[in-house]
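Take a moment to look over the structure shown here.

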Amino acid sequence: MCKHTNILIFGLLFTVLFIKSAISTEGDDKSDSDSDDLAVRDDNGSDEIVEKVGKALRADQSLSGLFQKRQSFTDAQRQFQKQALDAHNVYRARHCAQPLVLDDALSRSAQNYAQTLAYYNIFQHSGTRGVGENLYMSSGGAAVKLWYDEIKQYNFNSGGFSMSTGHFTQVVWKGSQKLGMGVAYSNGGRSAYVVAQYTPPGNYIGQFTANVRPQNSC
């Protein structure tokens, strides 16, 4: 269950977006059927990138072995991170927020935690201190777009935190500067876990008006 304090939402998003895996039946969640790409619609080939990453990870069943390999990133992982970064920055530009930059330390943390989720087949926030965090689980790669689509429920007039819009507000939070991305698989490769970590973290109570700007208000 999502929890938050009156001062800081534990430095990360305790709002969880769960999308059923490939075994979901048609109509279970309408977000599944209209989100086939990593984020924005012109990110061609994102599913292929996600699958390449998954094959590399599934080749080693040892969690500690996977973490040791995470000292460097494969080309597929780098491309996944770059696509996620580009998607974030397309959406942030609409809300007068400066572009994020990829941070290897954050990406290593996000990748390790994504692999932990997949290895133990669980879905919960890491609790990593000092970072914002978005999670996503699906059979596809539509994480950033689905997080951003929460804008439909956000009230720019009143602002503030809501469990139904917390992913969106972190994506476009002006004060966040760095991004780390990770992806891992479970259920024989049928389910993908995506972890995004941000510094400085967003979703501070009392700072939404300054950090979450309406579109075209620059």
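This is a predicted model: local features need pLDDT of at least 70, side-chain atom pairs count only at pLDDT 80 or more; totals for chains, interfaces and linings use all residues.

D86 counts as partly exposed, at 32% relative accessibility; here buried means under 20% relative accessible area, exposed over 50%, and partly exposed in between (1.4 Å probe, protein chains only). Its partner is K82, and the two form a salt bridge whose closest N and O atoms are 2.9 Å apart.

Residues are numbered from 1 along each chain as its sequence is written, and side-chain values use heavy atoms, leaving out hydrogens and water.

R78 and D104 meet through their side chains, at 2.7 Å from N to O. R78 belongs to α4 and D104 to helix α5 (residues 104-120), so this pair ties together parts that are 26 residues apart in sequence. R78 is partly exposed at 35% relative accessibility, and D104 is partly exposed with a relative accessible area of 33%.

Now move to D103, which pairs with K178 in a salt bridge, the closest N and O atoms being 3.8 Å apart. K178 lies in strand β3 (residues 178-186) and D103 in the loop between β1 and α5, so parts 75 residues apart in sequence are tied together. D103 is buried, with a relative accessible area of 18%, whereas K178 is partly exposed at 35%.

What about links between cysteines? A disulfide is a covalent bond between the sulfur atoms of two cysteines. The search counts a pair of cysteine sulfur atoms within 2.5 Å, and across the whole structure it finds one disulfide. C96 is joined to C218, with 2.1 Å from S to S. The angle about the S-S bond is -110°, and the link is left-handed. C96 is in the loop between α4 (75-93) and β1 (101-102), while C218 is in the segment after α8 (208-211), so the bond ties together parts that are 122 residues apart in sequence. Is each end buried or exposed? C96 is buried, with a relative accessible area of 14%, and C218 is exposed, at 73%.

One more stop: S191, found in strand β4 (residues 191-199). S191 counts as buried, at 0% relative accessibility. Its side chain makes a polar contact with the side chain of N187, at 3.1 Å. Such a contact is a pair of N or O atoms within 3.5 Å; within protein, one must be able to donate a hydrogen and the other to accept it, and residues adjacent in sequence count only if both atoms are side-chain atoms.

Finally, step back to the whole chain. It has eight helices and four strands, which are DSSP runs numbered from the N terminus (helices are H or I, at least four residues; strands are E, at least two). From the N terminus on, the order is α-α-α-α-β-α-β-α-α-β-β-α. Of the 218 residues, 51% are buried.

Note on methods
A salt bridge is a side-chain nitrogen of Lys or Arg within 4 Å of a carboxyl oxygen of Asp or Glu.
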